[in-house]
Amino acid sequence: MTTNQAIALFRQELAGTCDGGEIIAITRMVMKHVLNYDPVDMILRGDNELPDFAPERLSAIIARLKASEPIQYVLGVAQFHGHTFEVTRDTLIPRPETEQLVDMIVDENPAPDLQVLDVGTGSGCIAVSLALALKFAQVTALDISGAALAVARRNATACKARIKCVEADIMTLAAPPRPTLDIVVSNPPYVCESERGEMEANVLDYEPDSALFVPDANPLKFYHAIARYSRNALKPGGRIYLEINRRFGKEIVQELEACGFVDAAVHRDTWGNDRFVSATREKN
């Protein structure tokens, strides 16, 4: 099999699964991951025979893609904030919009030596990115899943970032004896069960339900818990940053204000959707 034949195989086999632009992007990702070919290599080596292992490996990847498995799980990695992160079925795939949350925190918090808590860290993409981008920050990554924390630890090591991983449930986590944090950030589960019908199969069939969905009867359960904990854990003037379901921005702002936060505001993502809320712990 030549490089050109491999490219043609992806185009043919994925034609009913992806559009043309997505097929090109996926093919480039796979060729880079499997053969370390960039787009220029794919052109210059078009007529070259691939290594013996490649045809079987590429066919296995195509089979998984045709079953709607996300390319990030197939390859085991995802790109986020300029870094490569391991992802497994125990973690959500990092989304591009969440990069905006990281950027917002970095832009608004230039001071060094900040104490940061990432609630529901998953792959650790937020925690690791903040540890690398903030000046001498001490970042704690919290998650209820030991399997997810194992991935986060490996990602921190691979990215040469220092984070502290803590296995705990924010729903029952006791308030600290005194406020020590400068920043709390979280991208908690926020998709209502009733919204399942709007989700793509590659999300529903592969990504962990526990990291995505909340009951319709209590869609803000994690925001309540995070706000209550942050009220006691953040220093006066400390900041909280949350990714949200666009349906509930107003309600989350009200929740934070009821917990003693000020300057609560909803922020839109690149696509114009209400996607984030930030607020400040009221100063004494």
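Student: Which residues are buried in helix α1?
Tutor: In helix α1 (residues 3-13), the buried ones are T3, A6, I7 and F10. They lie on the same side of α1, because they cover an arc of only 100° around the axis. Buried means under 20% relative accessible area, exposed means over 50%, and partly exposed is in between (1.4 Å probe, protein chains only). Helices (H or I, at least four residues) and strands (E, at least two) are DSSP runs, numbered from the N terminus. The arc is taken from the directions that run from the helix axis to the C-beta atoms.

Student: Where do these numbers come from?
Tutor: This is a predicted model, in which local features need pLDDT of at least 70 and side-chain atom pairs count only at pLDDT 80 or more, while totals for chains, interfaces and linings use all residues. Residues are numbered from 1 along each chain as its sequence is written, and side-chain values use heavy atoms, with hydrogens and water left out.

Student: What do the buried residues of α1 pack against?
Tutor: They pack against α2 (20-35), α3 (39-44) and α4 (54-66). Contact means heavy atoms within 4.5 Å.

Student: Which residues are buried in helix α11?
Tutor: Helix α11 spans residues 249-258, and G249, I252, V253, E255 and L256 are buried there. They cover an arc of only 160° around the axis, so they are on the same side of α11. The buried residues of α11 pack against α10 (221-233), β9 (234-243), β10 (261-268) and β11 (274-281).

Student: Which exposed residues are on the face turned away from the buried side of α11?
Tutor: That face carries K250 and A258. E257 also lies in α11. E257 has a relative accessible area of 45%, so it counts as partly exposed. Now follow E257 across the fold. E257 and T280 are 23 residues apart in sequence, and their C-alpha atoms are 9.4 Å apart in space.

Student: How do I describe two helices that pack together?
Tutor: Axes are lines fitted to C-alpha atoms, for helices over the stretch in contact, and angles run from 0 to 180 degrees between N-to-C directions. Here helix α6 (residues 96-108) and helix α7 (residues 125-133) pack at about 35°, and their axes are 10 Å apart. The contact involves T98, L101, V102, I105 and V106 of α6, with I126, S129, L130 and A133 of α7.

Student: Is the crossing of α6 and α7 left-handed or right-handed?
Tutor: A crossing is left-handed if the near helix is turned anticlockwise from the far one by less than a right angle, and right-handed if clockwise. α6 passes α7 in a right-handed crossing.

Student: How many aromatic pairs does a search of the whole structure find?
Tutor: The search finds one. F80 and F85 form this pair, edge-to-face, at 6.1 Å centre to centre and 75° between the planes. Rings of Phe, Tyr and Trp (its six-membered ring) pair if their centres lie within 6.5 Å; planes under 30 degrees apart count as stacked, over 60 as edge-to-face and the rest as tilted. F80 is buried, at 1% relative accessible area. F85 is buried too, at 0%.

Student: Which ring does the charged end of R196 sit over?
Tutor: The charged end of R196 sits over the ring of F213, 4.0 Å from its centre. The rule asks for NZ of Lys or CZ of Arg within 6 Å of the ring centre and within 35 degrees of the ring normal.

Student: Is N202 buried or partly exposed?
Tutor: N202 is partly exposed, at 30% relative accessibility. N202 lies in helix α9 (residues 201-204). Beyond neighbours within four places in sequence, N202 is in contact with S68, P70 and E207.

Student: What phi does D113 have?
Tutor: D113 has a positive phi of about 60°, although it is not a glycine. D113 is in the loop between α6 and β3 (115-119). D263, in strand β10, is not a glycine either and has a positive phi of about 55°. Just after α11, G260 takes a positive phi of about 95°.
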